[in-house]
Structure formats: structure tokens, C-alpha cells
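Please examine the structure shown here alongside its sequence. The questions that follow take up selected details in turn.

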Amino acid sequence: TNDHIYHSEYFIIQKKQVITKEPQLLVFTIPIFEPLPSQYYIRAVSDRWLGAEAVCIINFQHLILPERHPPHTELLDLQPLPITALGHREYEVLYKFTHFNPIQTQIFHTLYHTDCNVLLGAPTGSGKTVAAELAIFRVFNKYPTSKAVYIAPLKALVRERIEDWKVRIEEKLGKKVVELTGDVTPDMRAIAQADLIVTTPEKWDGVSRSWQNRSYVQKVSILIIDEIHLLGDERGPVLEVIVSRTNFISSHTEKPVRVVGLSTALANARDLADWLNINQMGLFNFRPSVRPVPLEVHIQGFPGQHYCPRMASMNKPAFQAIRSHSPAKPVLIFVSSRRQTRLTALDLIAFLATEDDPKQWLKMDEREMNDIIVTVRDSNLKLTLAFGIGMHHAGLHERDRKTVEELFVNCKIQVLIATSTLAWGVNFPAHLVIVKGTEYYDGKTRRYVDYPITDVLQMMGRAGRPQFDDQGKAVILVHDIKKDFYKKFLYEPFPVESSLLEVLADHLNAEIAAGTITSKQDAMDYITWTYFFRRLIMNPTYYNLDDVSHDTMNKYLSSLVEKSLFDLECSYCIEIGEDNRSIEPLTYGRIASYYYLKHPTIGMFKEQLKPESNIEELLLILTNADEYTDLPVRHNEDQMNSELAKHLPIEVNPHSFDSSHTKTHLLLQAHFSHAMLPCPDYATDTKTVLDQAIRICQAMLDVAAHHGWLVTALNITSLVQMVVQGRWIHDSSLLTLPNIELQHLYLFRKWSQGKRKSVHGGYQGPIECLPELMAACDGKENVFASILDGELQTAHISQAWNFLCRLPVLNISLSIKGCWDDPVQSENEVPVPTLTTDSRDDRRWIKLHADQEYVLQIKLQRTQMGYQGKQDSKAMAPRFPKVKDEGWFLILGEVDKKELIALKRTGYVRNRNTVSVAFFTPETPGKCIYTLYLMSDSYLGMDQQYDIYLNIIPATPSAPVTSEVSDAMSHLALK
């Protein structure tokens with residue numbers, strides 16, 4: 001027998017997890033030998049109780065192994081192709097080099113002169129972006145009216161491509177390039193005119209879901225997916241769905257869409273290629289060793305079962321690696337967390353202090369560096385930059401990050417310590433890469449887990465700069481028990497498996513809502529389009545399938561579909577017909593698909609939203625959304641949460657300080673209260689929380705409107721305003737002005753027009769809210785400055801004034817379109833008086849027939865205050881992390897019955913805008929008052945409401961069918 005230990009790890013189970021019987025998932029990789037061993041043992045032993053252990057035997061009798069992988073593409077010894085091969089002078093000037101590299105030369109013909117689908121697997125740094133550009137240029141040459149879509153897995157990568165292509169493709173070639181991510185959502189016009197759309201998988205999935213009524217999705221003739229090996233990642237399913245849908249769309253529109261996949265070297269490239277409909281001609285899978293710059297790798301193991309001390313013990317070897325491998329060339333050190341970037345940097349500075357020249361890594365004049373340090377916000381970064389060490393992580397301010405990037409790229413600082421996400425993000429090659437530790441703390445499972453092997457390869461790939469080095473070096477510092485594993489797998493490409501199973505229900509729901517799947521059979525067929533189906537046949541054991549006979553497969557797939565549909569039914573997303581075969585989408589399912597929400601979230605809305613939910617209840621519902629389950633709660637953060645909770649107005653469940661949802665709740669409260677956050681990580685976590693909040697609130701609003709709940713709907717719009725402006729709804733709206741804090745409010749209260757000769761109708765005083773302040777200032781900055789005189793610096797006053805005079809003030813006129821049979825009122829449009837007159841005045845009661853459809857026309861006109869600058873549709877929201885367009889909710893309700901009659905969203909009002917809202921009059925005659933609410937989706941205190949007095953008279957049998965209205969409606973539809 002063989003007594004070898006192939007894997008060991010230490011993990012902690014919390015009492016909570018034991019009580020809730022939460023299963024623990026451990027993932028590890030072990031070798032399997034020929035002939036198959038009879039069995040392996042897994043033993044779990046307690047670290048403090050004698051005799052507490054369990055043994056599990058894994059039997060390999062029925063194991064079905066995937067077949068051996070086909071060989072790699074050989075790199076041919078070709079003459080390098082000159083860039084003149086492009087045959088277009090304007091393309092050639094975009095490149096700084098004169099010849100393509102060997103890989104680009106070999107794939108040039110297929111990409112640039114054919115339309116076949118391509119999968120290119122090649123190591124990092126081999127110029128895959130150029131490959132993408134070749135395919136894009138072909139579209140420009142051959143199909144100038146169609147669009148190209150480039151999908152990159154991270155926003156950072158999208159930004160990098162946009163910054164590059166805005167210059168090279170938009171300015172120099174005159175083609176429109178548009179960015180489409182969660183942060184940047186251009187209007188439909190911009191997308192419709194774009195030649196190249198650069199986007200993230202989730203966003204493109206959301207957009208292409210409704211491809212039937214989005215013509216620009218049907219105009220796409222090429223889909224380029226970068227880093228397609230991330231198919232095996234937790235976000236992989238989205239890529240699967242996109243490609244499956246693309247193939248599905250092109251089979252319907254009969255317009256072929258070319259798919260180009262770019263990735264690192266793959267093990268099972270053939271499977272991926274089959275799924276992407278790629279023949280032998282389009283498959284290029286080079287081996288990891290064909291890098292443009294050869295790589296020398298050193299792997300060192302470190303003992304110790306606890307993470308933090310083990311990381312600390314790696315600092316000295318890291319320092320020595322820099323001295324021996326790259327004393328003067330740029331070095332990139334990857335660590336797993338923001339805290340590790342700081343600890344590593346401080347240790348390296350301590351080692352430098354013992355050297356003759358402690359500032360040897362600073363490659364610029366110290367005085368110049370001091371000038372730069374003054375502009376840096378982060379205090380730790382100020383210290384490390386002085387020694388030529390940069391830090392790079394998501395917690396830094398945008399400007400600080402840019403500063404560090406520029407210093408490192410221009411070789412002014414020699415060492416950059418970055419979190420692992422940078423490996424995917426920005427392309428900064430270095431001569432030496434040190435991977436310091438290969439695990440990270442996973443907030444969801446609350447333990448240390450290994451990086452995916454693709455991440456480690458990606459980090460190593462950053463070593464060696466094609467333009468400067470003849471070789472690159474990588475030093476990988478690992479836990480000693482994993483050393484053999486890395487030795488083997490860094491050179492063996494890793495097979496990519498599918499992770500569609502966990503999220504199958506959500507993707508089925510999207511297709512059901514779009515009408516592509518209408519029966520259980522359709523759902524089965526849909527699965528056969530996916531990559532998951534390919535891998536299921538190849539590697540059934542991985543997906544818990546016993547054998548691949550036709551019957552077993554059918555049973556397996558059909559139980560999968562049944563389970564997913566059952567889950568969707570429980571979340572009120574779909575309804576299964578009485579024949580037990582057909583599937584109907586429900587409103588909830590449509591809302592979930594439209595707002596890209598997970599189905600449990602929408603099910604929770606259905607159960608927890610009430611006809612009169614208040615802000616506090618809505619905040620709880622928002623933070624309980626499934627979307628926030630992944631927010632990490634790191635070490636000791638439960639204590640920080642309980643500390644933070646003491647300073648916030650709304651109490652949370654004191655036993656849940658280690659829950660992601662509670663942390664989300666606290667972060668939002670802190671955002672509204674301007675509370676001090678306990679550490680910089682919380683600021684970036686808040687950003688993550690706010691990123692999703694609007695989308696989830698919009699879905700909640702749709703649910704409330706679906707039920708006709710007026711109170712809840714109005715409260716949700718207030719919650720949206722709170723999220724965007726970062727204030728409580730009960731705070732004075734004056735506090736949304738920049739630099740104005742609670743202690744300044746008395747200045748506005750004591751102000752009055754008193755002594756000055758008041759202009760007729762001018763506002764008298766005291767000022768409690770934004771509209772009163774605007775009326776008092778009447779567009780004059782000097783009036784505003786006089787109110788705050790002496791309390792704020794002039795610069796701060798003018799900042800606040802800029803905000804104030806760009807606020808949207810809308811004037812409204814209303815009219816009702818429809819049909820009257822009264823000879824006096826035969827015209828088909830009646831103005832609605834908006835100024836309150838005496839209630840006994842009969843003229844303001846508008847007569848409408850019972851139970852008929854009318855259209856309320858709302859003309860919105862923006863009045864300019866004292867603002868002269870260029871108008872911009874972006875809302876002013878200094879405390880909201882991403883750019884947001886200004887918009888409005890129009891809600892028509894009947895206050896007496898607390899009933900919402902209609903909800904309409906409208907975008908930015910530049911000068912004037914007309915919105916039409918259709919509504920049915922009540923069936924019983926009598927007087928009723930409808931109220932129109934105009935609610936901002938960006939500002940607090942700018943809302944308006946108007947009462948509409950209706951006198952409902954019995955419908956006469958002779959009343960003509962409302963053709964006017966249908967004309968008006970069809971006219972609207974055409975707009």
C-alpha cells in the first residue's frame with residue numbers, strides 16, 4: 001500500500017454552522033494513477049478532542065475519466081509578417097511595431113481573411129489584443145453597417161480597452177466606440193450608433209436577453225470574448241449563456257455571428273472549440289511555453305498551519321528574491337488582501353533600513369517624489385512611496401491608484417505590491433513577479449481557499465516585458481504541502497469545467513421571461529446548447545452522473561429541469577401549466593430578469609413587501625436581497641460591525657453581526673448618517689453595496705406598482721433618493737448641498753427678506769428646504785453667499801452654489817385626452833388646473849365618463865436658475881460611486897384608497913418633455929381626487945405633487961369607443 005498524503009488542510013467550523021447543519025465544501029486536486037488505485041481515504045481529525053475523527057473512503061470502481069487531451073498547436077517557424085499585410089494604411093499607423101509576432105503571424109490569415117469562429121489559447125503577454133483587433137478590422141472592412149462586441153471579464157479590463165481604443169479606433173479611424181458596464185450605461189442612441197461595444201459579461205447578458213426588441217443586438221456580427229477560460233470560474237455561466245444565446249439568435253435571424261474566444265493555454269480546448277462551432281482551422285491552442293519572453297520559475301514552500309505568521313515568514317525570502325533576481329529592474333509582488341499589501345510593504349522597508357542605501361528602489365529625485373507624496377491621500381502610501389515601493393488595491397482612491405500606476409510604468413519606483421485582482425486588470429509587466437502566498441480569505445465560507453490555478457498563471461504571466469527583457473522570472477511562495485501540486489500544474493494546462501448548475505434556475509427564468517422557453521422540453525433543449533452539456537458527456541463523474549447511457553442522461557437532465565423550475569415556482573417567477581408541460585412567465589419573473597436579480601430575491605419581495613411598508617422596513621428588505629450574500633465579512637469584522645451599530649439610528653439583530661446582510665444594512669445607514677467608518681475596507685465595501693442598491697430598489701418599485709401600493713411605492717422612491725444623495729429622508733434637504741452640515745442650518749432659518757425692500761412676491765423667509773432656498777436666492781449668487789457669509793470658505797460656498805443652481809426645477813402643465821359625448825365638451829383635450837382654487841369652484845372638477853380609458857398628458861419644462869454652463873444629463877451625487885443619469889418617477893395615485901393607478905419613469909428633462917400616462921376611470925360615478933406625484937430619482941426635496949379633481953359621470957351607451965385614445969397611444973408608440 002501507499003501511505004502518501006496527497007493533501008492536508010486545516011479548517012475551522014463555527015458553532016453556528018454546526019447548529020444549522022451547514023455542509024462544508026472542501027475542494028482539492030489529487031493525482032490519479034494508472035492502473036486506478038482501489039480507493040483513497042479522507043480522514044477528518046479534531047485538533048483538540050481525542051478520538052473525535054471520521055474516515056470517508058472514496059472508491060474508484062465506477063469512475064469515468066475524461067479522455068486524454070489532444071496535443072497543442074505547434075508554433076510554426078514562419079517568416080514574421082509585416083504589418084503592411086493589413087492592406088490599409090490607416091490600420092498600419094495604429095501599431096508601433098513593424099512585424100507581427102510568431103503567434104500573430106500564424107493566426108493572421110484565419111482572423112483577417114475568413115469568417116470562421118476562432119479559439120485562441122496562448123500564454124499571457126503573447127499579444128492577444130492585436131488578434132482581437134484583426135477580427136474587428138475585418139468587420140470594419142467587410143460589414144461596415146454591423147457591430148462588433150468585445151467582452152472582457154472585469155470593469156478594469158473594459159476601462160483599459162476603452163482608454164486605448166477611444167484613441168486608436170475612435171479618434172484615428174473615426175469609428176464609434178462605446179463602453180457598456182454597470183458603471184457606464186449610455187443611452188440607446190449612442191449604442192445604436194456604435195461600431196464597437198466594449199462590455200462585461202453580465203451587462204451584455206442583461207442587454208441581449210430581450211434581443212427580439214433590441215435591433216442593435218441583432219446587428220452584431222462578431223462577439224469577441226476575452227479570457228474565455230474563465231468559463232470555469234463562478235462567473236463562467238454568464239459566458240455560457242451569452243454564447244448559447246448568440247448561437248440561438250443567429251439560428252433564428254439566419255445571420256451568422258462570428259465568435260472569437262481568447263484565453264490562456266487550455267487543456268480541453270477541443271471541447272470548447274466543439275461548443276463554439278469551431279473547425280480544425282479555427283482552433284489555435286499553443287502550449288504555455290511559447291511565451292514571447294521565456295520564463296524561469298522558482299517555487300519555495302513554507303511550513304506553518306496558520307495563515308498570518310506564514311505570510312510574515314515569506315517577507316524576508318521575498319526581499320532576498322528581489323536582491324538576487326532583479327536588483328534594479330521592476331518587481332511586482334502579488335498578495336491576497338489589502339492588509340497584506342500594507343504589512344508586506346512595511347516589512348520590506350524594515351529590511352531596506354539595514355542596507356547601505358535604504359532608498360535604492362526609488363528611481364527619481366527625492367524632492368520630486370516629495371511633491372508627489374503631498375498629493376497622495378492614503379497615509380501608508382505616503383510612507384512607502386518615499387522608499388520606491390507602491391501599493392495597489394481597490395481600497396485606494398482613484399487618483400492615488402493612477403499616481404502609483406504612472407510611477408511604476410515609468411520605472412520611477414521599482415517595486416509594486418498589488419492584490420491579486422491586478423493580475424487580471426491592468427497590464428503592467430515586470431521583470432520579476434513574486435506570488436506571495438496562493439490562498440485568500442473567502443468571506444462567504446469564512447476560511448482560506450486557494451486561488452484558481454488560472455489566477456496564478458495570470459500573475460506569473462506578468463513576468464517578462466517583451467520590449468525590455470530576454471527572460472522573465474517568477475518566484476512563487478507557497479504553503480509547503482502544496483509545493484508538489486504547483487510544480488505539476490503550473491505547466492500542465494488545467495481543464496475547464498462548467499459551473500452553470502448553481503445558477504441554472506436564474507438563466508432559465510431569463511429565457512422563459514423572454515419567451516424563448518415555453519415548455520419543459522424547450523428547457524431540456526436549451527441545456528443541450530450549453531458548454532455544461534459538452535462537459536457532462538465528457539466528464540460525467542464531476543457532475544455526479546453515473547453513466548452516459550441515453551436513459552440516465554435523460555433522467556438526469558429532466559430532474560435538473562424539474563428542480564430549477566420548482567425553485568422558480570417557489571419564487572413566484574413562473575407558473576407551470578395544468579398539462580404539467582407548458583411554462584408561463586409571471587410578472588415577478590419578468591422583473592427578476594429585467595433587473596438581473598436572483599430569483600430568491602424577488603420571491604422575498606413578494607413575501608415581505610406590504611401595502612404600507614415604511615422606509616425602515618424597506619431598508620431591511622433591500623439589505624436582505626440575495627445579491628448581498630457575497631459581501632465579505634472578514635476577520636474581526638463582527639466586532640467592528642457591533643461598534644459601528646452603536647452610532648447608527650436603526651437597531652439591527654445583535655446576533656447577526658457576522659452576516660453579510662447585517663453589514664450591508666449598517667453600511668447603508670452609515671452612508672445616510674455620514675458616520676465614520678472603522679476602516680478603509682468599509683469604504684470600498686460601501687461602494688459595492690451602493691453599486692447594486694438602485695437596481696434592487698427599482699425592482700422593488702415595480703413589485704409595489706404591480707400591486708398598486710401607493711404608500712410603499714412613494715417610500716421606495718424616497719429610499720432611492722436617500723441612496724443617491726447619502727442622507728436620511730427626514731434630514732433637511734439643504735444638507736445635500738456640498739459642505740453644508742447640521743451646524744449650518746440655523747443660518748438658513750434666521751435669514752429673512754425683512755429689512756430689504758421685498759420685491760413683489762419674493763420669498764420672505766425662513767428657509768427650511770431647497771425650493772425655499774432657490775426662491776430666496778432667485779438665481780443670485782450674492783444672496784446665497786450672504787446667507788453663509790463668514791461660516792464657509794469662498795471656494796466651498798461656490799461649490800454649494802454650483803450644486804444649487806444646477807438642480808432641476810420643473811414647471812408642469814397637465815391635460816387630459818379622451819372622449820366626451822357632451823356637445824359642449826366635444827374637444828378631445830381638457831387642461832387640468834394646477835393652481836389651487838376655491839374648493840367650491842365648479843370649474844376645477846373635470847367631468848369624465850366612468851370606466852373609460854383616458855390619457856393624462858404631462859408637459860414638463862425645466863426652468864434655469866442662475867446656471868450658465870453646459871447642460872449635462874448626469875445627476876450631481878458627490879456621495880454616489882458611479883455616474884448616474886437624472887430621471888423622474890411619475891406616480892398617479894388615489895390618496896383616499898392608498899392606491900397606485902399608474903407609474904411611469906422618464907429620463908432627463910433638458911428643456912421640455914411630454915409624458916403620457918394612460919388610466920381607467922372608476923366604474924362608479926361620483927367625485928374623486930387623483931394625485932400626480934413627480935418624484936426625482938436623484939435628489940431629495942425636489943418632488944412635486946398635483947391634485948386632479950375628477951367628477952365621474954355615468955358612461956352613456958352612445959359614447960363612441962375611445963378611438964381618440966388608441967390614436968394617441970399609437971402615436972406615442974411610434975415616438
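**Charged pairs, surface and sheet**

Q: As what does Lys-329 count at 34% relative accessibility?
A: Buried means under 20% relative accessible area, exposed over 50%, and partly exposed in between, with a 1.4 Å probe and protein chains only. Lys-329 has a relative accessibility of 34% and therefore counts as partly exposed.

Q: What kind of model is this?
A: Residues are numbered from 1 along each chain as its sequence is written, and side-chain values use heavy atoms, with hydrogens and water left out. Local features need pLDDT of at least 70, side-chain atom pairs count only at pLDDT 80 or more, and totals for chains, interfaces and linings use all residues; the model is predicted.

Q: With which residue does Lys-329 form a salt bridge?
A: A salt bridge is a side-chain nitrogen of Lys or Arg within 4 Å of a carboxyl oxygen of Asp or Glu. For Lys-329, the closest N and O atoms of the pair are 3.7 Å apart, and the partner is Asp-469.

Q: How many residues apart are Lys-329 and Asp-469?
A: Helices (H or I, at least four residues) and strands (E, at least two) are DSSP runs numbered from the N terminus. Lys-329 lies in the loop between helix H12 (315-325) and strand S11 (331-335), and Asp-469 in the loop between helix H18 (453-461) and strand S17 (472-479). The pair thus links distant parts of the chain, and the separation is 140 residues.

Q: Is Asp-469 buried or exposed?
A: The relative accessible area of Asp-469 is 7%. Because of this value, Asp-469 is classed as buried.

Q: How many residues separate Glu-511 from Arg-245?
A: The side chains of Glu-511 and Arg-245 meet in a salt bridge, with 2.8 Å from N to O. Glu-511 belongs to helix H20 (residues 504-514) and Arg-245 to helix H9 (residues 236-253), so that distant parts of the chain are linked; the two residues are apart by 266 residues.

Q: Which residue meets Arg-48 in a salt bridge?
A: Arg-48 is exposed at 66% relative accessibility. The contact from N to O is 3.4 Å, and the partner side chain is that of Asp-47.

Q: What is the phi of His-674?
A: Most residues other than glycine have a negative phi. His-674, in the loop between helix H28 (660-673) and helix H29 (680-707), is not a glycine, yet has a positive phi of about 55°.

Q: What is the relative accessible area of Asp-778?
A: Asp-778 is found in the loop between helix H32 (770-777) and helix H33 (781-788). Although not a glycine, Asp-778 has a positive phi of about 50°. This residue is exposed, with a relative accessible area of 53%.

Q: Which are the edge strands of the open sheet of five strands?
A: Two strands pair if DSSP finds at least two bridges between them. The five strands stand in the order S22-S28-S27-S24-S25, with mixed pairing. Two of them pair on one side only, and these edge strands are S22 (846-849) and S25 (899-906).

Q: Which residue in S25 is the bridge partner of Gly-893?
A: Strand S24 (residues 888-894) runs antiparallel to S25, joined by seven bridges. In S25, Gly-893 has as its bridge partner Leu-900.
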